[in-house]
Amino acid sequence: MPGKFPQLVERSHVKEFLDSFDIVLTDCDGVLWCANAPIGKANEALNQLRALGKKIFYVTNNSSKSREEYAQKCKKLGFIADKEEIVCTAYVTALYLKQKNFNKKVYIVGASGITQELDNVGIAHTGIEPEPFSGDVFDLKDTLKLDPEVGAVTVGLDPYISFPKVMRAASYLSDPDCLFIATNTDEKFPLSSSNLVMPGAGAIVKCVETVAERSPVVMGKPSVKMFSSIRDQYQLDPSRTLMIGDRCNTDILFGKNCGLHTMVVLSGVTEMKDLEAWAASSDEEKHKLLADYYLPQLDDLIPLLE
Ligand SMILES: [Mg+2]
């Protein structure tokens, strides 16, 4: 049986669509912006949804920034945003460790978003400085010293990933009591109008995972952890919540895992031909990637809201 192709949001049923949710969770890269520029008038579209009374949360797998920094980026690009509305994997990682009453040190393969969020909950950390290397790798056997305080390894996007860092992470993880956390497993970043492919955190997670021969607990979408972190606090009703995303194996699957309405926009990773292929497939796993609704890009909502 083929899958159900997502419905284009159109004027004829836009009222029904808008009445079906009170809460909007939106992915960021590929939906709202690409690198450091808004995608069309995505800011206007989202701000209009807010003006209609919708509660907005920015739900991003990107671990490079803290909630504070994300709120600043949103504002800079014209999106109304408050720190409390940001759900990023650096924050969810810190929350996860806090809830476990973790009291050792975290070795981070990642960026300053994670250190800031750990600082906010009072958890010690080490590791985000570049650790470049040249020479004979076997010399590391004598020079690389491990910190006995480390009790967890967190892996996210680290632009300074290097051989010693992977070696360090895997060495800590050889202790089965050492926690292994991945912020997210996104393969790559959406880069519009470029033939360059930018690695995502998933590339680095896989690298550490391969060497450590262990699998991490993943914080990011499609894991429900990104929703449970706000669901209880704000008493969110999944059946009144819309998830908007551009990557179906994270955003849309996440929405389905949490029982939310879903909408894919084609301004990032997913293309029309992907939707067509998944809908035509008889594989039910592919059907899970099909959102309820689609739009070419978020600002296509604007004329429908008038
Ligand atoms: Mg995205």
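Q: Where is the place of glutamine 235?
A: Glutamine 235 is in the loop between helix 9 and strand 14. Helices (H or I, at least four residues) and strands (E, at least two) are DSSP runs, numbered from the N terminus. The model is a predicted one, in which local features need pLDDT of at least 70 and side-chain atom pairs count only at pLDDT 80 or more, while totals for chains, interfaces and linings use all residues. Residues are numbered from 1 along each chain as its sequence is written, and side-chain values use heavy atoms, with hydrogens and water left out.

Q: Why is glutamine 235 called exposed?
A: The term buried means under 20% relative accessible area, exposed means over 50%, and partly exposed lies in between (1.4 Å probe, protein chains only). Glutamine 235 has a relative accessible area of 72%, so it counts as exposed. Its phi is near 50°, a positive value in a residue other than glycine.

Q: What makes asparagine 101 count as exposed, and where is its place?
A: The relative accessibility of asparagine 101 is 64%, and therefore asparagine 101 counts as exposed. Its place is in the loop between helix 4 and strand 7 (105-109). Asparagine 101 also has a positive phi, of about 55°, although it is not a glycine.

Q: Why is threonine 126 called neither buried nor exposed?
A: Threonine 126 has 26% relative accessibility, so it counts as partly exposed. It is in strand 8 (residues 124-126). Contact means heavy atoms within 4.5 Å. Leaving aside neighbours within four places in sequence, threonine 126 touches Lys105, Val106, Tyr107, Ile108 and Val150.

Q: What makes strand 8 and strand 13 edge strands of the sheet?
A: Two strands pair if DSSP finds at least two bridges between them. In this open sheet, 5 strands follow the order 8-7-9-10-13 with parallel pairing. Strand 8 and strand 13 (217-218) each have a single partner strand, so one side of each is left without a neighbour in the sheet.

Q: How do you know that strand 10 and strand 13 are paired?
A: Strand 10 (residues 179-182) is joined to strand 13 by 2 bridges, and pairing requires at least two, so these strands pair. In strand 13, valine 218 is the bridge partner of alanine 182.

Q: Which protein residues are called donors of the magnesium ion?
A: Donors are N, O and S atoms within 2.8 Å of the metal (3.2 Å for Na, K and Ca); water is not among the atoms, so sites may look incomplete. The protein donors here are Asp27 (OD), Asp29 (O) and Asp246 (OD), which lie 2.0 to 2.2 Å from the magnesium ion. Aspartate 29 and aspartate 246 are 217 residues apart, and the pair links distant parts of the chain.

Q: Are aspartate 29 and aspartate 246 buried or exposed?
A: Aspartate 29 has 13% relative accessibility and therefore counts as buried. Aspartate 246 has 2% and likewise counts as buried.

Q: Why are the buried residues of helix 3 said to be on the same side?
A: The buried residues of helix 3 (residues 67-76) are Arg67, Tyr70, Ala71, Lys73 and Cys74. They cover an arc of only 160° around the axis, which puts them on the same side of helix 3. The arc is that of the directions from the helix axis to the C-beta atoms. On the other side of helix 3, Gln72, Lys75 and Lys76 are exposed.
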